[in-house]
Amino acid sequence: MSPATMDLQDGRLTDEVVRSTMTNCSRGEAHRMRVPGWVLERDPGHEVVGWRDPKAPERGWLLVPCGEAVVGLALRATPGKGVRATAMCDLCRTTRSPGEVSLFVAARAGEAGRKHNTIGTYACSDLACADHVRVLRATPTLKPDPGLSVSQRQEALRERAAAFAAKVLATRD
Ligand SMILES: [Zn+2]
């Protein structure tokens, strides 16, 4: 299975394209995925786009730029209200208040995933990491990685998300 490449030359992302990027879930799951309208306004070729499914609370979705491709990942949050202490997101390195970071697991792509092999990461519960790295000044509940510019944080977020996506796609050990 190879990640979908997106043709964004006409600058338009469609619901269909978003579904076609999903690498680690069944076609049925990708078909049932809810894609909020704002997602189609984003540019997943250049930024990490993530959202929680409004109707399936344990479900989350990430679009990760990986070179020329966009890798779509289906995530599942562990039940409950997230980490019960102040915690840092592994993807955007933002420090968040209790409950605002959750443990997510992604089934590995292909055969490994069918054997229930998963990869986990702590991430912002809302998966809005791309928005959090743009916050200029820390707030009581949201402290971006200190000492870095917004563009450095964006770059680091892309790199860490791409590394996570590579682990999900690594079907051969
Ligand atoms: Zn985050």
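1. Along the chain, the donors of the zinc ion follow the spacing C-x2-C-x31-C-x4-C; donors here are N, O and S atoms within 2.8 Å of the metal (3.2 Å for Na, K and Ca), and since water is not among the atoms, sites may look incomplete. Cys89 lies in the loop between β4 (87-88) and β5 (95-96), while Cys129 belongs to helix α4 (residues 129-132), so this pair ties together parts that are 40 residues apart in sequence. Helices (H or I, at least four residues) and strands (E, at least two) are DSSP runs, numbered from the N terminus.

2. A word on the basis: this is a predicted model, where local features need pLDDT of at least 70 and side-chain atom pairs count only at pLDDT 80 or more, while totals for chains, interfaces and linings use all residues. Residues are numbered from 1 along each chain as its sequence is written, and side-chain values use heavy atoms, with hydrogens and water left out.

3. Now the site itself: the SG atoms of Cys89, Cys92, Cys124 and Cys129 coordinate the zinc ion at 2.2 to 2.3 Å. The 4 donor atoms subtend angles of 104 to 117 degrees, which makes the arrangement tetrahedral (for four donors, all angles between 85 and 135 degrees). Ideal angles for four tetrahedral donors are 109.5 degrees. Both Cys89 and Cys129 are buried, meaning under 20% relative accessible area with a 1.4 Å probe, protein chains only.

4. β4 and β5 also belong to an open sheet of 3 strands, in the order β4-β5-β8 with antiparallel pairing. β4 and β8 (142-143) stand at the edges with a single partner strand each, so one side of each is left without a neighbour in the sheet. Pairing requires at least two DSSP bridges between two strands; β5 and β8 have 2, and Thr95 has Lys143 in β8 as its bridge partner.

5. Do look at strand β3 (residues 69-77): 8 of its 9 residues are buried, so it is largely enclosed by the rest of the structure. β3 pairs in the antiparallel sense with β2 (residues 59-66) over 8 bridges and with β6 (residues 101-107) over 2 bridges. Arg76 of β3 is the bridge partner of Arg59 and stands opposite Val105 in β6. In the hairpin of β2 and β3, Gly67 takes a positive phi near 60 degrees.

6. Finally, helix α5 (residues 150-169): its buried residues, including Leu157 and Phe164, pack against β2, β3, β6, β7 (118-124) and α4, with contact meaning heavy atoms within 4.5 Å.

Note on methods. Tetrahedral: all angles 85-135°; square planar, octahedral: opposite > 155°, others 65-115°. Buried < 20%, exposed > 50% of the residue type's maximum accessible area, 1.4 Å probe, protein only.
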